[in-house]
Amino acid sequence: RARTTRQAVVALLCKAAMPHFGSGRAAPCLRTPDPTPCSGRKVRFADPLVESVEPVVVQLHVDTAVALCACFHVEPKRFAAWKEPCEVMTAAAGGGEGVLHHSVGHGEGRAQIHAGFRDAAALLAHLEGCEEALQAMLDLAQAERIEVHAPRAELAKVRRAGLLVAPLLTLLELTPDGLRASRPHSGRPGSDSTVSLSYRIPVRESDLPSFMRNTCGAFHEMARAAGGLEHHSVSFGGGAVHLRQGFTDAHAALAHLRSTAAAHPELFGPAA
C-alpha cells in the first residue's frame, strides 16, 4: 500500500509541475537568526548554512512562519528601475524585527520576492515600513500574484489589517505539520542559498479533506526522508493545494526530484 501511495504522489507531482523559472538574484538575499526559541519542538525559522568542518546533526521542527510570495512580470527596459525599490525592501528586512529571510529572484522576464516572518505582526510591520517602495514596484511592473502562507490564526490577523487588498492577493492556510531544519547561521546578507521548489495542485473543495488526509501525509513522509531538506510546507486555498519545499543546494533539490520523478517545478535559488 505504501508503494502504491508513493507512486500516486509521484504521478500527481508530474501532473502538477509548473514551468521552470530560471532564477538569478536581483538583490542580496539574507536569513536572519531569531534569538528567541519557541516552546517545545516548534521553531519559526530555518537557520542558513555556514561553513563547518564538523558534522552537524540536523533536527526537523514544526514550522509556523508566515511566508510572503509576490510574483511580477517586469519588462527588461524597466528592470533596473524596478530593482531599486527591491533593494530598499531588502535593506529594511535586514534590520526588521521578526524578519526571518528575504530574497529577490528574477529570470525570463519574471521576478519574485520571497520573505518569511515570525508572525503576522512582523509581516504587517515590514509592509507598513516599505509602503512607498512596494508601491513603486507595483507601478513599474505587472503583479501576477501575491500570496501569504500562514497558520489560520495569523491569516485572520492579516485579513483584519486590510493592508493587502490587491485583487491578486491569495491567503493560504498552512497545515500544522510543516517542517524546518535548524542549522548554524551567520545572519549576513547573501547568506541564504536555499534552492526552493513549489507546486500548485488544483483540488476541488469537495475533494480537499481526503486529499489532505491521504496525499499530503505522503508528501510529508517523502520530505522527511529527503537529504538536505531546509523546509517543507503544504498550504491550501483558492481551489488549490500548494506544496513548497527548500533544499540546502541544487544537488539536494535534484536528488529529491529524481526520487519523485517530478520535473519542471517552479524553481527559486541562487544563479550558481
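## Contacts and overall make-up

A contact here means heavy atoms within 4.5 Å. In this predicted model, residues 24 or more positions apart account for 78% of the contacts in the chain with a separation of 6 or more. The chain holds seven helices and 13 strands, taken as DSSP runs numbered from the N terminus (helices: H or I, at least four residues; strands: E, at least two).

Of the 272 residues, 49% count as buried (under 20% relative accessible area, with exposed over 50% and partly exposed in between; 1.4 Å probe, protein chains only).

## A look at Thr175

Let's visit the loop between β8 (169-174) and β9 (179-182), where Thr175 lies. Thr175 has a relative accessible area of 11%, so it is buried. Its side chain makes a polar contact with the side chain of Asp177 (2.7 Å); such a contact is a pair of N or O atoms within 3.5 Å, and within protein one must be able to donate a hydrogen and the other to accept it, while residues adjacent in sequence count only if both atoms are side-chain atoms. Leaving aside residues up to four places away in sequence, Thr175 touches Met212, Val234 and Phe236.

## Aromatic rings

Rings of Phe, Tyr and Trp (its six-membered ring) pair if their centres lie within 6.5 Å; planes under 30 degrees apart are stacked, over 60 edge-to-face and the rest tilted. This rule gives three aromatic pairs. The ring centres of Phe211 and Phe219 are 6.3 Å apart and their planes stand at 65°, so this pair is edge-to-face. Both Phe211 and Phe219 are buried. Elsewhere, ring pairs link Phe72, Phe79 and Trp82 into a cluster.

## Notes on the model

Residues are numbered from 1 along each chain as its sequence is written, and side-chain values use heavy atoms, leaving out hydrogens and water. Local features need pLDDT of at least 70 and side-chain atom pairs count only at pLDDT 80 or more, whereas totals for chains, interfaces and linings use all residues.
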